[in-house]
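Have a look at the structure below, then we'll walk through it topic by topic.

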Amino acid sequence: MRVSVAMATYNGEKYLDQQIDSILTQLGKEDELIISDDHSTDQTLTIIKRYMKDDTRVKLFLNEEKGVTSNFENAIKRTQNEIIFLSDQDDIWKPEKVKTVKDYYE
């Protein structure tokens, strides 16, 4: 089962590196991290673009509207895999999160 992570960001530079690292280490080659940004004015976009250069699983989309709900909706509608996780920009995932959920579904 393939995994999509739908992450919403807005001015989240403080925790973003830790958060993305905690997700990517758990994803397989066919999985994806879909990030929707809500017009950040800090270094959030720079950080995300740095990850995109090194990892094709990371994809960035800008939220056309503004607001938390539409930002998550923008990320979710772009996912392509069977299991979808939602993620805020400041949630550092425990190392077994993805495996635990996948084991449950299998």
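In what order do the four strands of the open sheet come? They run E3-E2-E1-E4, and the pairing is parallel. Keep in mind that this is a predicted model.

**The sheet**
- E3 and E4 are the edge strands, and each of them pairs on one side only.
- Going from one strand to the next, the twist averages 20°.
- E1 and E4 run parallel and are joined by six bridges.
- Val3 stands opposite Ile83, which sits in E4.

**Helices on the sheet**
- H1 lies across E1, E2, E3 and E4, and it runs at about 170° to E1.
- Helix H4, residues 97-105, also packs on the sheet. H4 touches E1 and E4, and its direction makes about 150° with that of E4.
- The buried residues of H1 are Leu16, Gln19, Ile20, Ser22, Ile23 and Leu24. Their cover includes E1, E2, H2, E3 and E4.

**The nonpolar core**
- The largest nonpolar core has 19 residues, and those with the most contacts inside it are Val5, Ile20, Leu27, Leu33 and Ile35.
- Six elements each supply at least two residues of this core: strand E1 (3-9), helix H1 (13-24), strand E2 (32-37), helix H2 (44-54), strand E3 (58-62) and strand E4 (83-88).
- H1 gives the most to this core, with four residues.
- Leaving aside neighbours within four places in sequence, Ile20 is in contact with Met7, Leu33, Ile35 and Tyr51.

**Leu27, a loop residue**
- Leu27 lies in the loop between H1 and E2.
- Leu27 counts as buried because its relative accessibility is 9%, and the cut-off is under 20%.
- Beyond its neighbours within four places in sequence, Leu27 is in contact with Val3, Val5, Glu32, Leu33, Arg57 and Val98.
- Leu27 and Lys99 are 72 residues apart along the chain, yet 9.2 Å separates their C-alpha atoms.

**Asn71, a residue in H3**
- Asn71 has its place in helix H3, residues 68-76.
- With a relative accessible area of 3%, Asn71 is buried.
- Setting aside neighbours within four places in sequence, Asn71 is in contact with Ala8, Thr9, Ser36, Asp37, Asp38 and Asn63.

Notes:
Residues numbered from 1 in each chain as written. Predicted model: local features only at pLDDT ≥ 70, side-chain atom pairs only at ≥ 80, totals over all residues. Heavy atoms only, no water. Core = buried A, V, L, I, M, F, W, Y, C linked by side-chain atoms within 4.5 Å. Buried < 20%, exposed > 50% of the residue type's maximum accessible area, 1.4 Å probe, protein only. Contact = heavy atoms within 4.5 Å. Pairing = 2+ DSSP bridges. Axes fitted to C-alpha atoms, helices over the stretch in contact; angles between N-to-C directions.
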